[in-house]
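Welcome, and please open your viewer. We will go from stop to stop, selecting a few residues at a time.

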Protein chains: 2
Amino acid sequence: MDALINKIKNEGIVINENILKVDSFLNHQIDANLMEEVAEEFYNYFKNDNITKILTIESSGIAPAVLCGLKFNVPVVFVKKSVPSTITNAYQATVHSYTKNKSYTASVDKRFLNDEDNILFIDDFLANGEAFRGVESIVQQSKANLCAVGILIEKAYQDGHAYIINQGYKFKALASIESMNENQINFIK
Amino acid sequence: MDALINKIKNEGIVINENILKVDSFLNHQIDANLMEEVAEEFYNYFKNDNITKILTIESSGIAPAVLCGLKFNVPVVFVKKSVPSTITNAYQATVHSYTKNKSYTASVDKRFLNDEDNILFIDDFLANGEAFRGVESIVQQSKANLCAVGILIEKAYQDGHAYIINQGYKFKALASIESMNENQINFIK
């Protein structure tokens with residue numbers, strides 16, 4: 001998706017080969033118009049897949065996910081990175097974040113996923129797929145169907161991409177990074 | 001705002017007089033269409049205030065804030081509840097959450113607020129105003145102008161409402177709760 005790739009080229013900051021900082025339009029400051037274009041792109045790709053719910057992870061997934069919720073006209077659920085005291089009955093999974101070098105308990109209240117749901121998972125980044133595997137476990141526990149995966153930016157040289165493809169999920173990444181260093185970001189065409 | 005008040009009446013769960021659970025449409029599962037109506041309401045109220053940026057707090061403020069960003073056609077910045085390792089230069093404030101009974105460091109990268117900004121702060125809840133005062137401190141540090149405050153649900157019997165009014169900010173709450181208990185939620189008309 002050209003608009004997103006151009007934004008990454010213009011504003012992305014490569015911290016090292018594992019960390020791309022895109023906080024001027026996605027992770028901290030949000031370009032709402034770009035997120036609307038992103039949602040439009042995902043809608044065009046997944047509109048025939050009978051999606052009943054959008055699932056994402058707090059916090060940076062919420063903006064694109066909510067705009068997808070509008071396009072698909074379905075509820076959005078965001079996975080919490082903790083187990084709130086007000087949730088008494090949750091699906092849970094442990095996720096390790098390599099970026100932050102710590103683990104957290106991902107959770108979704110059991111009321112918000114069920115065996116009739118056909119889920120599109122939306123997230124800002126895909127790297128090793130740790131967060132994705134946590135989400136996959138939660139969806140499996142709920143007996144919902146994880147149908148499709150939409151990622152804004154993937155580091156295709158890490159393990160997440162191959163894992164999702166091998167599992168057979170319908171998959172779309174809007175910007176696929178082949179390699180990056182402090183001087184250059186190379187995208188897969 | 002009737003649509004929001006009706007949703008609270010139908011789906012809100014009063015845990016105790018301090019905690020109202022609205023996780024079926026706002027804090028965990030999100031009703032994107034309702035959030036669009038919310039943004040429309042805030043736009044109608046604040047559209048002549050020369051807003052240049054929407055500010056909110058992760059995570060539950062992001063959905064309504066992003067839809068406000070679209071309506072006002074301005075960037076959205078969400079305050080982080082920690083100081084990410086990739087932020088080297090941040091405005092910070094300590095915020096105590098009574099709901100979670102712990103404190104966190106709110107932060108905004110200095111690149112995303114400046115003395116030309118005219119800010120509309122959007123958040124899901126207003127109670128004691130602790131989070132608001134943290135945001136106010138951050139905005140003051142940045143020399144931006146905090147112009148307006150839009151809250152989805154306020155517990156008007158707690159201290160935040162009076163604080164914001166006394167400080168002279170233009171203020172709009174879409175649902176104002178006068179009192180609540182396990183059996184009933186009373187709204188200010």
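Two residues are in contact if their C-beta atoms, placed from the backbone, lie within 7 Å. Keep that cut-off in mind as you go, and remember that this is a predicted model.

**Stop 1: the annotated residues of chain A**

Begin by selecting Leu20(A), Asn27(A) and Lys155(A), which the unreviewed UniProt entry covers with the annotation "binding site".

Zoom in on Leu20(A), which sits in strand β2 (residues 19-21) of chain A. Which residues is Leu20(A) in contact with, leaving aside its neighbours within four places in sequence? Select Gly12(A), Val14(A) and Met180(A), and you have them.

Now slide along to Asn27(A), in the loop between β2 and β3 of chain A. Is Asn27(A) buried or exposed? Asn27(A) counts as buried, since it has 20 C-beta neighbours inside 10 Å. Its contacts, once neighbours within four places in sequence are set aside, are Val22(A), Ser60(A) and Asp124(A).

**Stop 2: a sheet that takes in both chains**

Switch to a cartoon view and colour by chain. Look for an open sheet of seven strands, ordered β11(A)-β10(A)-β9(A)-β8(A)-β4(A)-β5(A)-β3(B), with mixed pairing. Its edge strands are β11 (184-187) of chain A and β3 of chain B, each of which pairs on one side only.

Inside this sheet, pick out β8 (residues 118-126) and β9 (residues 145-155) of chain A, which run parallel and are joined by eight bridges. To see one such pair, select Asp123(A) and its bridge partner Ile151(A) in β9(A).

Next, find where strand β3 (residues 29-30) of chain A meets β5(B): two bridges join these antiparallel strands. Here Ile30(A) stands opposite Val76(B) in β5(B).

Then visit chain B for its own β8 (residues 118-126) and β9(B), paired in the parallel sense over eight bridges. Leu120(B) has Ala148(B) in β9(B) as its bridge partner. Strand β9 (residues 145-155) of chain B is largely enclosed by the rest of the structure, because nine of its eleven residues are buried.

**Stop 3**

The α3 helices of chains A and B pack at an angle of about 70 degrees, with their axes 9 Å apart. That angle makes α3(A) roughly perpendicular to α3(B). Which residues make the contact? Show Ile62(A), Ala63(A) and Val66(A) from one helix, with Ile62(B), Ala63(B) and Val66(B) from the other. By class, the contact holds six nonpolar residues, no polar ones and no charged ones.

Turn next to α2(B), whose axis comes within 8 Å of that of α3(A), crossing at roughly 105 degrees. That makes α3(A) roughly perpendicular to α2(B). Val66(A), Gly69(A) and Leu70(A) meet Ala32(B), Asn33(B), Met35(B) and Glu36(B) here.

**Stop 4: helix α3 of chain B**

Hide everything except α3(B), then bring the rest back. Nine of the eleven residues of α3(B) are buried, so this helix is largely enclosed by the rest of the structure. Among the buried residues are Pro64(B), Leu67(B), Cys68(B) and Phe72(B). Just after the helix, click on Asn73(B), which takes a positive phi of about 55 degrees.

**Stop 5: the side of chain B that touches chain A**

Finally, take in the whole meeting of the chains. How many residues of chain B are in contact with chain A? There are 27, in contact with 27 residues of chain A. The elements of chain B giving two or more residues to this side are β2 (19-21), β3 (29-30), α2 (32-46), α3 and β5 (76-79). Of these, α3(B) gives the most, with five residues. Colour this side of chain B by class, and you will find 14 nonpolar, six polar and seven charged residues.

How values were computed
Residues numbered from 1 in each chain as written. Chains lettered and ligands numbered in written order. Predicted model: local features only at pLDDT ≥ 70, side-chain atom pairs only at ≥ 80, totals over all residues. Axes fitted to C-alpha atoms, helices over the stretch in contact; angles between N-to-C directions. Helix = DSSP H or I, 4+ residues; strand = E, 2+ residues; numbered from the N terminus. Parallel < 35°, antiparallel > 145°, perpendicular 65-115°, else oblique. Nonpolar A, V, L, I, M, F, W, Y, C, P; charged D, E, K, R; others polar. Buried ≥ 20, exposed ≤ 12 C-beta atoms within 10 Å, placed from the backbone. Pairing = 2+ DSSP bridges. UniProt positions renumbered as here; feature names shortened; annotations may be inferred.
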